[in-house]
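Here are my notes for your review. Please read them alongside the model.

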Amino acid sequence: MYISEMELIQSRLEAEHKYSESELLKTILFEDANSKRKKEMLEGEKYYCCEQDVLQKNFSVKHFSETYKNKDGTEQERIKLISNPNRSNYHVVCPFHHILVEQKASYLVAKEPSILVKGEKSSEYEKYLTAMADETFNAMLYEWIVGASNKGVEYVHIYYDKEGILQYCIVPAEELIVFYDSVNKKEIEQVIRYYDFTVIENGREKMLKKVEWWTKNDVTYYMEKSDGTYQKEFEKIGHWTVMREKQQEIQKKEHGWGKVPFIPLKNNAKELPDLKMIKGLIDAYDLICSEGTNSLLDLVELYWVIAGYGGETANVIAKKLQVNRAVQISDSSGKVETKQVELPIEGRIKWLQLLRKDIFHFGMGVDTDSERLGNAPSGVSLKFQYAMFHLKINGILPEIKKALKTFFWFLTEDCNRKNGTEYNVNQLDFRLNLSSITDDLEVVNMIHASKGIVSEKTLLAQHPFVQDVNSEMEAVKKEKQERIVENGQAGYNAENKTTGERKRRTSKNV
């Protein structure tokens with residue numbers, strides 16, 4: 001017998017003698033909001049938006065150690081803080097995580113993916129899917145990948161709008177609690193979505209929560225009350241409602257997909273966010289850059305060392321130096337000399353270079369500022385530069401194809417139900433048209449050499465000039481048809497011309 005996560009939570013609450021739907025929701029939401037995983041998701045989003053930990057550090061405050069004596073005469077050390085309001089407190093944020101995520105998403109879906117349909121009677125199905133996979137779809141796919149990279153997983157929600165048109169949108173993973181089947185942990189059994197909304201009570205704004213509890217065939221809505229309990233708004237409503245008029249009466253019929261209409265896109269099999277590998281390195285880079293900037297801003301280029309001068313303050317001495325360019329020293333052994341402060345710039349630069357190299361290495365990205373990238377532009381050399389990056393891409397590629405298949409299952413079911421078609425999502429094949437730095441001449445030569453061996457659509461997808469493969473296929477097809485018509489017209493005109501000449505010769509001979 002397998003026990004689901006939900007059953008475990010229910011059993012625990014029953015043992016504590018406080019089981020109710022409201023208590024169940026409160027417990028689930030509290031544990032989820034305070035879980036390590038949700039904190040990592042929010043952290044990934046923050047670093048993508050350049051809201052990094054270095055912004056919370058106050059560089060005008062320093063820690064120092066002091067020793068003091070206890071009552072028994074023993075010495076003890078303690079750490080104290082000293083604040084210097086004259087110390088610069090600038091923060092340097094280096095957006096490495098943002099760059100790496102953008103690089104990854106742009107590489108994967110800067111070009112629209114190709115959707116291929118297997119089978120002879122596939123043209124209508126392919127046209128329908130191509131029309132659905134428009135600019136809106138590609139923008140959603142880009143956002144989907146960015147979210148998965150930041151959080152480890154991101155979700156798309158399928159729903160019908162008020163006009164009954166199928167729609168889709170990104171729902172942030174931090175708003176969702178997902179329960180998988182207890183046996184294989186592959187199929188989603190239930191989803192709880194919770195989010196904040198603002199109400200006005202006694203003239204003051206107050207944040208409360210709304211909750212949606214989705215199953216495979218229905219959804220229940222809850223709203224948080226002022227006392228912290230949860231009350232049902234609507235219970236077990238279908239995923240969509242069909243309105244039909246029968247005998248002058250409007251009848252409502254609730255329908256469900258048979259699947260929970262939330263589609264996960266995992267960043268990798270373990271759902272690890274990209275930030276996890278490099279957060280410490282980015283924080284170190286930010287700290288060194290910020291400390292260096294503040295030290296440079298606070299740098300005193302020259303300071304004076306004056307020996308044998310008594311009775312006056314440093315301010316008075318400084319003024320005399322500015323006005324008279326000299327001071328009188330009362331002690332015969334006294335002297336005045338200048339000292340220059342030097343910052344350890346070279347050591348700091350070398351350490352930053354090492355950190356930068358490690359960030360791109362462990363972040364599995366491509367450092368476009370690397371000198372090696374421009375020295376040897378051949379295709380083989382570029383492949384070596386992209387080696388680690390391709391390893392990261394290979395981790396998410398199967399997950400993207402799996403997510404797209406589920407996404408188009410909903411679109412196909414909608415089309416079959418409305419149009420009476422019998423399209424099958426298993427006929428689909430998805431190809432991502434990857435974008436990378438390549439030797440274009442080498443690629444074009446390879447495409448030319450592969451004609452007749454590889455399909456025309458596959459070759460077009462690899463061509464550096466092609467952005468939208470499906471549109472290009474239509475353009476190529478149209479040009480071929482126009483050429484056939486032109487050639488046919490030219491042949492017809494030539495035939496008429498030949499026939500006319502023959503007739504003229506015959507009449508002349510006669």
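**Notes on the predicted model**

1. Cys49 counts as partly exposed, because its relative accessibility is 45%. Buried means under 20% relative accessible area, exposed means over 50%, and partly exposed is in between, with a 1.4 Å probe and protein chains only. This is a predicted model: local features need pLDDT of at least 70, side-chain atom pairs count only at pLDDT 80 or more, and totals for chains, interfaces and linings use all residues. Residues are numbered from 1 along each chain as its sequence is written, and side-chain values use heavy atoms, with hydrogens and water left out.

2. A disulfide here is a pair of cysteine sulfur atoms within 2.5 Å. The search of the whole structure finds 0 disulfides. Cys289 is in none either; its nearest cysteine sulfur, in Cys94, is 4.1 Å away. Cys289 counts as buried, at 16% relative accessibility.

3. Glu399 sits in helix H12 (residues 387–419). Helices (H or I, at least four residues) and strands (E, at least two) are DSSP runs, numbered from the N terminus. Is Glu399 buried or exposed? Glu399 counts as buried, because its relative accessibility is 12%. Leaving aside residues up to four places away in sequence, Glu399 touches Leu265, Lys266, Asn268 and Ala269. Contact means heavy atoms within 4.5 Å.

4. H12 also packs with helix H4 (residues 96–109), at an angle of about 60 degrees and with axes 11 Å apart. That angle makes H4 oblique to H12. Angles under 35 degrees count as roughly parallel, over 145 as roughly antiparallel, 65 to 115 as roughly perpendicular and the rest as oblique. Axes are lines fitted to C-alpha atoms, for helices over the stretch in contact; angles run from 0 to 180 degrees between N-to-C directions. On the H4 side, the contact is made by Leu100, Gln103, Lys104, Tyr107 and Leu108. Among the H12 residues are Phe389, Ile393 and Ile400.

5. Helix H2 (residues 21–33) has end C-alpha atoms 18 Å apart, which agrees with the 18 Å that its 13 residues should span at 1.5 Å a residue. The expected span is 1.5 Å times one less than the number of residues. Buried residues of H2 include Leu24, Leu25, Ile28 and Asp32.

6. Overall, the protein has 15 helices and 16 strands. Of its 510 residues, 34% count as buried.
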